[in-house]
Every structure is written in structure tokens, then in C-alpha cells.
Amino acid sequence: MLLVVEQLLNGLQLGITLFLMSAGLTLVFGIMQVINLAHGSFYMIGAYVCATVAAQTGSFLLGLAAALPAAALTGMLVEVVVLRRLYSREHLDQVLATFGLIMFFNELTRIIWGRQPLYLDVPPWLSGSVELLPGLIYPVYRLAVIGVGIFVALALWYMFSQTRLGMQIRAGASNRDMIGALGVNITLLYTLVFGLGTLLAGLAGVMAGPILAVESGMGESILILTFVVIVIGGIGSIRGAVAGALLVGLVDTLGRAFLPTLFRLLFNSATADAAAASLASMAIYILMAAILVWKPRGLFPAHS
Amino acid sequence: MKKLSRKNILIAAGALFFLVLPVAATLLEETYFISLFSRILIYAIAAVSLDLLLGFAGMISLGHAAYVGIGAYVVGIFFFHSSEAEPLFTFPFLLQGSESGLLVLPLAVLISALFALVIGALCLRTKGMHFIMITLAFAQMIYYFFISLGKYGGDDGISLYSRSSLPLLDLNSDLTFYYFCLFFLFLFVFFAKRLVDSRFGLIIRGGSNNERRLSALGINPYKYKLACFVIAGGAAGLAGGLLANQTEYISPGLMHWTLSGELMVMVLLGGLGTLFGPVLGAAVFLLLEEILAMYTEHWMVYMGPFLVLVVIFAKKGLFGIIVGEKNDNG
Amino acid sequence: MAENILEVIKLNKAYGALQATKNLSFSVARGHIHAIIGPNGAGKTTLVNQLTGDILSDSGKILFQAQDISRLKDYRRARLGIARSFQITHIFENLTVAENMALSICAHSSHNFRFWRKGLQSGVVREKLADCLSRVDLEKRGHIVASALSHGEKRQLEVGMALTGQPDLLILDEPMAGMGPGGTVELSKLIQKLKGSTTILLVEHDMDVVFSLADMITVLVYGENILTAPPAEIRQNKDVQAAYLGEQD
């Protein structure tokens with residue numbers, strides 16, 4: 001039972017990383033109608049900058065403070081230099097250009113930081129574990145990740161429902177023509193939304209840093225999971241991003257943790273392990289296929 | 001209807017080039033070119049099949065490498081079981097491994113097409129950005145599936161000790177293998193050309209152009225698009241089957257999504273919707289990669305921005321630029 | 001001939017608070033040219049899209065040749081014999097005029113999984129293409145890419161494609177939109193020619209066209225049918241004048 005709770009928390013933590021990635025990306029998709037494959041690059045940039053600064057200064061917080069603007073500014077620069085030219089183009093052009101950006105960023109990090117992965121240490125004040133329930137010992141850092149994620153989700157909710165900027169963004173996501181009619185400076189709004197998205201991606205990268213290895217190409221595996229989240233949640237919907245991220249996080253984590261045990265009850269151990277490993281790695285895609293059959297536009301489609 | 005247009009001259013020159021290349025390479029004792037160009041021919045088949053989707057049917061599949069990989073694994077798995085002398089499965093019927101090209105290559109096509117049928121049927125429930133992401137996600141699922149197959153080497157894949165056997169032809173000779181691939185490329189490009197001009201092709205092109213109009217005329221685009229997806233998947237499977245033979249090695253890396261992206265780059269670089277262009281695109285991309293890699297291991301840092309520039313400024317692709325006329329399909 | 005080819009019964013469609021069609025009922029007699037008129041925003045295009053299946057109705061029924069088609073997909077309705085032209089030209093811009101027309105011919109032939117023979121050379125297409133093109137005066141323009149046609153020619157092509165399958169019901173959504181006076185006359189003649197052989201539901205702004213062609217007119221205001229009557233009666237009606245005709249010119 002404790003194991004289940006622990007895995008639930010792990011799933012929650014993966015879900016939160018995915019939420020940070022998909023919240024920004026789904027807005028970019030929904031508002032600018034541009035498909036951006038390079039979103040994972042900003043996740044990678046966040047992780048690299050934080051790891052470097054933290055190693056130099058010895059302070060995780062300084063690393064974080066450097067990583068967030070780095071991701072946001074790179075994002076806005078990319079928006080101004082490249083993506084802006086692609087808004088009116090076909091999706092195919094957007095896919096190819098952003099694919100080019102991925103190549104560029106991945107190779108650039110290899111030039112700057114080399115091929116060896118960097119390791120980002122958990123800061124001392126977040127290391128260690130706490131006993132959540134009798135017998136359930138859980139790392140503080142992972143709890144902090146969950147806490148930050150919930151905080152960001154609440155902050156985003158506040159921004160979208162209570163502030164003027166948030167309402168403009170929301171209006172844009174559900175009806176693109178409307179923001180123009182509201183007299184908003186669209187060029188600026190797009191750059192800001194893009195920057196916000198890459199900032200969140202950078203934050204996700206920082207938080208994943210101590211859990212995973214910081215390496216070139218780390219952005220793509222999370223990017224594809226993010227796509228699954230967005231497909232499940234519906235393009236342009238923050239609510240969908242929350243639901244999709246939690247679903248994917250939980251299904252993936254619980255699948256990997258418990259499918260082998262379950263299968264061993266049914267088959268002999270060799271077959272069971274192989275089958276469970278295959279199924280666990282495919283679980284979220286099967287989930288996605290099932291949701292597609294049921295709701296082709298995702299759970300919470302923003303455009304009607 | 002034979003005109004001596006620039007386009008036809010270019011196509012004839014290209015065909016001639018591919019035909020005499022091994023002769024020239026042998027004379028110059030640069031036999032390395034034969035295997036490099038075999039690879040180019042194989043990727044050209046995959047790129048042309050992707051052009052059917054991207055350039056004619058308007059389906060932006062970002063998972064095309066998966067079908068190449070499946071084709072390669074079909075050849076690899078049959079080879080593996082043949083060399084281990086262990087059947088693939090015994091239930092519901094006994095299936096033995098095989099090294100026979102007459103069996104494994106058609107199977108590579110069929111099984112890839114079958115995967116394309118199932119995945120396409122699901123993906124085509126969606127449109128636009130959803131479609132792009134879902135094709136990518138399913139390709140990734142297949143990638144992870146093959147990684148989880150510990151029996152076939154998991155991440156590391158498996159090595160083949162020889163190429164598929166065929167009556168009369170010895171594919172282990174690089175020269176024979178080159179012409180074998182060239183034959184399939186010619187055959188497929190010819191087939192694809194007929195296809196896009198056929199009634200089926202008309203519907204496919206019409207659907208990519210204005211799907212609502214097509215429905216209003218009484219045509220349900222779904223099954224035509226699905227059929228096109230399956231054809232492209234089968235052709236990619238053929239490319240995969242050949243690729244497994246060319247490298248004599250298969251791994252999940254063959255279906256990594258960056259390869260899907262690279263196939264797209266070949267199509268765009270050569271000329272979207274031209275069928276011949278992607279052949280040129282595959283050649284240029286792989287040669288460029290080869291040459292850049294000689295000078296710097298960080299060739300992608302140049303390739304990336306180059307690609308962005310091509311997309312923004314040279315949408316017609318090399319074929320379009322050289323031929324100087326509009327694409328077949330706008 | 002007096003039976004109704006199309007019966008619309010209490011059709012509704014709302015977009016949020018906006019009721020685009022509201023308890024809309026009317027019927028179209030076989031062989032008639034039946035016009036739908038109404039001020040902008042009256043829900044005319046919504047109605048057309050509901051009839052053709054581009055959008056599904058919230059409630060109500062559509063009977064076509066006595067068959068309930070309310071829930072059928074657009075392409076199924078097209079195959080039953082409902083053809084349409086769009087208000088904003090919907091042709092295959094990247095294909096040639098002949099290919100456009102060939103597609104409309106293929107649509108009415110069930111054997112389209114033909115991968116080998118050139119589409120333009122296939123039997124049905126060769127048989128009908130010339131007639132279909134000449135019917136809308138495009139026989140000399142077959143080889144041109146459709147996007148290069150003039151606006152008027154595009155409209156002709158659009159109508160021509162709708163006519164190909166000899167539909168039982170032809171729905172023309174503002175066919176005259178954006179046409180010069182010459183084009184309007186041409187198209188009016190074409191519609192006149194079709195009278196009797198095909199039932200036409202004509203949504204049109206140009207009142208001269210409507211009153212010269214229509215056998216029956218339905219006036220739509222805010223999604224409601226305020227009157228369905230022959231042209232002479234519509235002209236006389238005070239309500240119609242107040243709601244609509246008064247606003248014109």
C-alpha cells in the first residue's frame with residue numbers, strides 16, 4: 001500500500017513536469033497556431049544553465065535565477081528571429097524549421113558543454129527525506145517539485161482568470177480573431193506568450209535536472225510526452241494540459257511500477273517481464289489511442 | 001507527349017547518373033561510393049514515399065521512420081531466427097526464420113503496411129497539428145516497443161551476418177546490391193508517378209487541397225487518405241528491408257524520430273510534391289552530411305540554421321529551382 | 001411532380017446565445033427554383049450548411065425524398081443527390097480545371113481505387129468531361145490551373161462541379177456573389193436552363209435574380225421563416241417589406 005502511495009507521488013511529480021512543459025506549448029499551439037518542435041530545447045537550456053551556474057557558484061537558487069531568464073530570453077529571441085516568420089505558413093514549414101532549431105540547439109550544447117552529461121546536485125537544504133506516513137520515506141526534493149508545480153498551476157490560474165493579460169491570452173486561445181478586435185498589440189502578445197511558455201519549459205528543465213542527467217537531446221523525450229499530453233488534453237486548453245499531464249504522469253509511472261508484478265501473477269516470470277516491460281513503455285500511447293477513439297479533439301478542446 | 005523540357009532532361013540525367021555511377025566508381029577504385037549511394041537510393045525510396053503523404057495527400061506524418069524501422073526489423077528478425085534455427089513462434093502455426101529475400105522483402109512491405117493501416121486508421125481521425133503530434137507519438141511508441149524487445153538486442157539491435165539470399169542474384173556483392181536498390185527506386189518512382197496522376201491520385205490531391213469540397217462532391221476522403229498512408233508505409237517498409245540488408249545491422253535507432261525529421265528534410269530540400277525532387281533531396285542531404293562530417297563533428301550546428309533558411313526562403317526545393325517551374329502539385 | 005423533394009421540419013441551430021436557425025420549417029417542391037432570402041445574419045448560410053451536412057443541427061428534421069437525412073455525414077448526403085456550391089468559392093485551386101471537373105465526375109462513380117491509369121484518361125471521365133466543361137463554358141480552359149481562373153470562371157467551375165452528378169437537389173449559396181453584371185446574366189441563364197430538370201435551392205442577395213428566377217421564396221429573418229410564398233405575394237407582403245425589402249437600396 002505504501003508502495004502505491006509512493007508511486008502515486010512519483011507519478012504526480014512526472015505529471016507536474018509535463019504540465020509545466022505542456023502549459024506553455026499548448027498556448028503557443030492554440031494562440032499562434034504554430035507547431036513548435038523546439039520546445040524541448042528550452043527545457044534543455046534551463047537544465048544546462050542551472051547546472052553550470054550552480055556548479056560555479058555552489059548555489060542552486062542562483063542557478064535557477066539564471067536559468068529562467070535564459071530560457072525565456074532565448075525563447076523570445078527565437079520567436080522574433082524565426083517563428084514570427086512562420087505563423088502564416090503551413091504546418092509542414094513550421095515542423096521543418098523548428099526541427100532545424102532542435103538540431104542547432106542540441107549540437108550547440110554539445111559544443112559548449114561537451115558530450116558528457118552534467119549532473120545537477122540536489123541543494124543541501126532540499127536533500128534528505130521525510131517520513132510522510134509511518135514507513136513511507138520520500139525525498140524532500142521531489143516533494144518540493146510537486147509543491148512548485150502546484151504553485152505554478154495556481155499562479156497560472158490566477159493570471160488567466162484574474163488579470164487583463166491572462167484574459168487576452170485566453171481569448172486568443174479560443175478565438176484568434178478576437179484578440180485583434182480587442183485592440184491588443186498582437187506581435188508583442190505573441191512574443192510574451194512564447195516567452196512565458198519557454199520560461200515554464202526552462203523551469204521544468206531545472207527541476208528535472210537533479211533527477212535526470214543533463215545532456216544534449218534531453219528535451220526530445222520529454223517533448224514527445226508533452227505532445228501526448230496536449231493531444232489528450234486538447235490543443236490550447238490549460239485545463240486539458242493539467243488533466244493530460246496528470247493522466248500521463250500517473251499511467252506511465254504506475255505502469256512501469258506495477259505491470260511487472262501484475263503480469264507475474266498471470267504468466268511465468270520470463271514472459272511476464274518481457275511483456276510487462278513492452279506494455280509499460282507503450283501504456284501512455286495506448287491511453288492516447290483510446291482517448292482519440294473516444295474524443296478525437298482531446299478531453300477539453302479549446303476551439304469549438 | 002514526350003517533351004524535351006528541362007525537367008525531363010534533369011530526370012534523364014539523374015537516372016543516367018545512377019546507372020553509370022558504379023562503373024565510374026569501380027574505374028576510379030572508389031568502391032566506397034557504391035555503398036554510400038546504395039544508402040542514398042534506399043533513403044530516396046523512403047523520401048519519395050513520404051512525398052506522397054506530404055506533397056500530395058497533405059498528411060504531415062512525423063513518424064515515417066517507424067515504417068522504415070519495421071521493415072528493417074522484419075528482415076532482421078527472420079534472419080535472427082534463421083541463424084539461431086529457432087522458430088519465430090509455434091502458435092497458431094509454426095513460423096520458421098528465413099534468409100530468403102523472396103520471403104522477407106515482401107513481408108517487410110506487408111507488415112509495415114499493416115502497421116500503417118492500424119496507426120493510420122487512428123491518426124486520420126484527427127487533422128492538422130493533432131495529426132502531426134499523433135503520428136510522432138505512435139512512431140515513438142513503436143520505437144520504445146522495439147527497445148523493450150530484449151530478445152532482439154533491445155537498444156543495441158542485432159547484427160546480420162549476411163544479406164538476404166535470392167535466386168540468381170548475390171546481394172552480398174555491393175555492385176549487385178546497388179543495382180537491386182536502383183531497380184526498386186526506379187520501380188517505385190514510376191509507380192508513384194502513375195499513382196498521383198490516377199483517379200486515386202486525383203482524389204488524394206483534391207483532398208489535400210480542399211477536403212470540404214471533396215466531401216460536398218460525395219467523396220469520403222478518409223479511406224483514400226488511409227490507403228495512401230498504407231501505400232507510403234509499405235514503401236517505407238521496403239526501404240527498411242533494403243536498409244537492413246545494406247548495413248547488415250538493425251537497431252531501434254532506425255526509427256528514432258530524428259530520422260523521420262530527416263526524411264522530411266530530404267523531401268523539402270529536394271522539392272515537395274515533385275516525386276523526383278526527394279531523390280535529389282536524399283542524395284544532397286546524405287552527401288552534405290557526409291562532407292560536413294569530414295570537416296566537423298558538429299555538422300548539425302550548420303545543418304540546422306541552413307534548414308531554417310531553406311524553409312523560409314527556398315520553399316520550392318532544389319528540384320523546383322533547377323527545373324524553374326511550378327511543382328506538380330502547387 | 002407536385003410532391004416535395006425536401007422538407008425541413010423545426011430545424012434549430014444555436015451558437016452560444018446566437019440562434020442561427022430557429023424552429024425553421026419549409027418545404028421545396030420538386031422541379032422548383034426555391035429561393036431563400038433574408039438580411040445579412042439571417043442564418044442563410046447556416047441553413048445551407050445544415051442541409052448539406054457541414055454542420056449538424058441541434059434539433060429538427062430534414063427529409064430528402066422522404067428519407068430522414070438529418071444525421072447523415074456530408075458526403076453521404078451528396079451521394080443521395082444533394083449538390084452544392086459554396087458562398088466563398090471552394091474549388092481545388094492547385095488542380096487544373098479539367099482535374100477539378102474530373103474529380104466531380106469520379107465522385108459519382110464508385111470505382112475510385114484505381115491506381116494506375118491516368119485519372120483524366122479513365123472511361124467515365126473521358127466520356128463526360130467535355131460535356132461538363134462546355135455546360136459551364138470552360139471547355140477551352142481545361143488545362144489551366146484553377147487558381148489562375150478569373151473570379152467569374154471560378155464560380156462557373158464551382159457550379160459546374162455541383163451539376164456533374166445530375167443532382168436531384170442543387171443548393172446554390174449566393175452564386176452571384178462578387179460577379180460582374182455580365183457574369184450574373186450568364187449564370188442566371190444557366191440556372192434558367194436547369195429549371196425543370198433539377199430542383200434548385202437558391203440563396204441569393206441579388207433581388208432581381210431571385211424575383212426573375214424563383215417559383216417560391218422563403219424569407220428568413222433571424223433564423224425564422226417569416227413567409228414562404230410565390231414571388232408576387234412576397235413583393236406585396238408588408239411584413240417582408242418591413243423586415244427586409246425596405247432595407248434594400
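I started with chain C and counted 9 helices and 10 strands. This is a predicted model.

I checked the overall form of chain C next. Its radius of gyration is 18 Å, close to the 18 Å that the globule rule gives for 249 residues, so chain C is as compact as a globular protein of that length. Along the principal axes, the C-alpha atoms of chain C fill a box of roughly 60 × 40 × 40 Å.

Then I looked at burial. Of the 249 residues in chain C, 45% count as buried. I also looked at contacts in chain C between residues at least 6 apart in sequence, and 65% of these join residues at least 24 apart.

I moved on to the contact of chain B with chain C. I found 24 residues from chain B and 30 residues from chain C in it. On the chain B side, the elements giving two or more residues are α6 (174-197), α7 (199-209) and α8 (211-217). α7(B) gives the most to this side, with 8 residues. By type, I get 8 nonpolar, 10 polar and 6 charged residues on the side of chain B that touches chain C.

Definitions and conventions. Residues are numbered from 1 along each chain as its sequence is written. Chains are lettered from A and ligands numbered from 1 in the order in which they are written. This is a predicted model: local features need pLDDT of at least 70, side-chain atom pairs count only at pLDDT 80 or more; totals for chains, interfaces and linings use all residues. Two residues are in contact if their C-beta atoms, placed from the backbone, lie within 7 Å. Helices (H or I, at least four residues) and strands (E, at least two) are DSSP runs, numbered from the N terminus. Ala, Val, Leu, Ile, Met, Phe, Trp, Tyr, Cys and Pro count as nonpolar, Asp, Glu, Lys and Arg as charged, and the others, Gly among them, as polar. The radius of gyration is taken over C-alpha atoms; the globule rule is 2.2 Å times the number of residues to the power 0.38. A residue is buried if 20 or more other C-beta atoms lie within 10 Å of its own, exposed if 12 or fewer, and partly exposed in between; C-beta atoms are placed from the backbone.
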